[in-house]
Amino acid sequence: MGAKLSRVQVIAAYPITPQSKIPETLVKYVESGELGAEFIRVESEHSALTVCISASTVGARVFTATSANGLAYMHEQLHWAAGARLPIVMALANRGLGAPWTIFNDMQDSISQRDTGWMQIYCRDNQEILDSILMGYKISEQVHVPMMVCFDGFVLSHTVMPVEIPEQEQVDAFLPPYVPHLQVDGPEPININPVMLAEPRANAQGVACPSYMGFRMRLQETLEKAGEVIAKVGGEFGKIFGRSYDCLLWEYKTEEADTILLTMGSLTNEASLAVDMLREKGHKTGVVGLRVFRPFPAQQLRQALSGAKQVVIFDKNISYGNEGATCTETKAALFEGGLRPSIANYIVGLGGKPVAASDLEGATLEFLGMKGRVNGPQWLGISV
Amino acid sequence: MVLNDKDQTIINVTWHGRGGQGAVTAAMILAEAAYIDGYRGVTAAPFFGVERRGAPITATTRFSRTPIRTLTPTAKAEVVVVLDERLMQVVDVLGGLKADGLLILNSSNPPEKFCADRDIAVATSDANSIAEEIGLVVAGTVLINTSLLGAFSKASGLVSMESLEKAIRKNFNPKAAQLNFRGAQLTYEATRTNRVWHLPVRQN
């Protein structure tokens with residue numbers, strides 16, 4: 001629906017559970033004429049993203065969607081899309097990777113693609129998925145960096161809940177048609193893929209052009225500033241649609257909280273319930289829910305955690321041999337600010353293992369009982 | 001019972017059926033009807049996984065006066081609806097029902113025949129015969145999922161028939177909607193209960 005309202009021009013996707021419903025629905029829109037887009041059928045996710053890259057390169061607004069192994073299969077092209085600075089928006093229904101095989105939810109798939117140069121947004125509910133797709137195009141087309149809109153597979157993708165669908169006219173006012181910043185086949189045709197050398201080199205006109213590293217540096221510089229654009233567009237969205245996203249992370253009862261539960265995606269909902277339960281027992285707790293993971297909102301996170309004595313970080317992923325990714329990144333952000341709260345890292349919900357508010361409450365109470373730093377990640381609720 | 005805007009009470013409904021009976025569809029239509037009825041928090045979900053025609057499946061509906069903040073599977077429900085009474089022998093249906101809950105069965109038997117040893121409320125309605133009689137049959141399969149929504153409305157008193165009608169009409173073409181709602185109406189009228197059930201008031 002978000003892709004339809006965004007008036008995407010080219011869609012290429014390959015079905016994979018739990019994403020399948022997205023291309024199925026879009027095909028129906030295209031076939032019925034409700035959406036004037038080209039739906040290109042492909043034999044794999046690698047080709048799906050390649051089609052998107054090609055179409056985006058020549059100036060189309062493009063959309064794709066995938067999950068888990070499909071995303072992994074796109075890996076090479078993910079780097080290409082970001083390196084070529086293409087404003088592609090992808091819906092990602094988060095799912096665990098095999099082996100062993102699973103079709104259920106965790107975030108190992110998108111976290112594994114952390115370093116491809118894509119922006120990553122994580123949604124708490126289905127309204128946020130729709131809204132993030134609409135904002136995604138506006139943001140990506142400003143910064144020329146692709147975006148993954150990530151949401152928990154099954155937990156969100158297969159749960160029906162009320163979603164406010166904006167009027168097409170409102171969306172058109174918010175998101176005008178995409179005007180590419182360069183034209184490959186224009187009056188002055190351009191070549192977009194010369195091999196880059198390590199040092200700057202003059203082009204045919206004698207103008208010095210950036211080196212490979214120069215391109216890389218520009219991508220990094222853009223992502224460093226992209227957080228501001230994400231928040232600004234989120235604020236503009238709020239003015240038109242009444243739902244503001246002018247933040248890179250969500251806070252719940254963080255004021256005067258000495259213990260913060262840190263989550264990402266739909267788990268932020270359960271964490272807010274856990275905090276209500278913990279507060280009833282007299283524990284001053286709050287939730288910080290990461291909305292944006294790339295660019296990483298280090299500064300906002302430092303601010304949100306500045307008063308915390310304990311931080312309990314829940315990760316639906318793990319960087320094997322170390323710990324959960326949001327834990328590592330949070331620690332790095334805190335180090336920069338000289339903040340030293342006690343930190344526990346709980347690995348939760350891998351392969352769709354349900355995580356209830358009472359589980360988060362229990363883990364927090366366990367950690368508070370330990371009164372100190374915990375070495376290494378803890379596995380929540382695993383006996384075998 | 002009066003539910004106010006600050007009421008965070010969640011009504012959990014678990015549906016038991018067989019793949020192809022439409023339990024997931026019924027769970028979703030009930031969520032839509034509850035939303036039309038004024039509940040601000042509603043969700044519906046299948047038991048996440050893979051399903052096969054004929055195999056036991058479950059689906060859940062949740063609704064509340066305030067937005068719902070949980071997406072985890074329902075452990076114990078206030079109301080359990082069983083589309084095929086024979087599932088009682090294969091699935092631990094009662095294990096997922098609260099001690100003071102309501103059990104709704106598609107059955108030609110009277111409610112007193114079920115769970116007499118428990119304190120639960122039981123409602124039965126012969127949706128099969130009703131659906132067959134009015135021609136709610138597609139490709140040889142008698143469709144009873146929407147009919148049982150009528151039994152839910154009658155036995156629980158939580159969602160009105162007016163809201164159910166609107167939700168059914170949103171999900172089917174006019175002719176099919178008419179038939180499905182007729183099935184729900186007749187099943188509503190044919191619902192028998194062992195006692196009147198009210199949503200238990202719990203201290204948060």
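**View 1. The open sheet of chain A brings together 7 strands in the order β2-β1-β3-β4-β6-β5-β12, with mixed pairing.** Like the other views here, this one shows a predicted model. Follow the sheet from one strand to the next and the twist averages 20 degrees. At the edges stand β2 (38-41) and β12 (292-294) of chain A, and each has a single partner strand, so one side of each is left without a neighbour in the sheet.

**View 2. Strands β5 and β12 of chain A run antiparallel.** Here we look at β5(A), residues 119-122, which is joined to β12(A) by 2 bridges. A handy pair to find is I121(A) and V292(A): the two stand opposite each other, with V292(A) belonging to β12(A).

**View 3. Domain 1 and domain 2 of chain A meet in a contact that takes 23 residues from domain 1 and 19 residues from domain 2.** Domain 1 spans 2-174 and domain 2 spans 249-379, and their C-alpha centres lie 28 Å apart. On the domain 1 side of this contact, two or more residues come from each of α6 (108-111), β5 and β6 (147-152) of chain A. Strand β5(A) gives the most to that side, with 4 residues. By residue type, the domain 1 side divides into 13 nonpolar, 5 polar and 5 charged.

**View 4. Helix α5 of chain A, residues 75-83, has buried residues at Q77(A), L78(A), A81(A) and A82(A).** These four cover an arc of only 140 degrees around the axis, which puts them on the same side of α5(A).

**View 5. Chains A and B touch through 18 residues of chain A and 14 residues of chain B.** On the chain B side, α1 (23-36) and β2 (41-46) each supply at least two residues. Which element gives the most to this side? That is β2(B), with 5 residues. The chain B residues that touch chain A divide into 10 nonpolar, 3 polar and 1 charged.

Methods. Residues numbered from 1 in each chain as written. Chains lettered and ligands numbered in written order. Predicted model: local features only at pLDDT ≥ 70, side-chain atom pairs only at ≥ 80, totals over all residues. Contact = placed C-beta atoms within 7 Å. Nonpolar A, V, L, I, M, F, W, Y, C, P; charged D, E, K, R; others polar. Pairing = 2+ DSSP bridges. Axes fitted to C-alpha atoms, helices over the stretch in contact; angles between N-to-C directions. Domains from an automatic or database assignment. Buried ≥ 20, exposed ≤ 12 C-beta atoms within 10 Å, placed from the backbone. Arc of directions from axis to C-beta.
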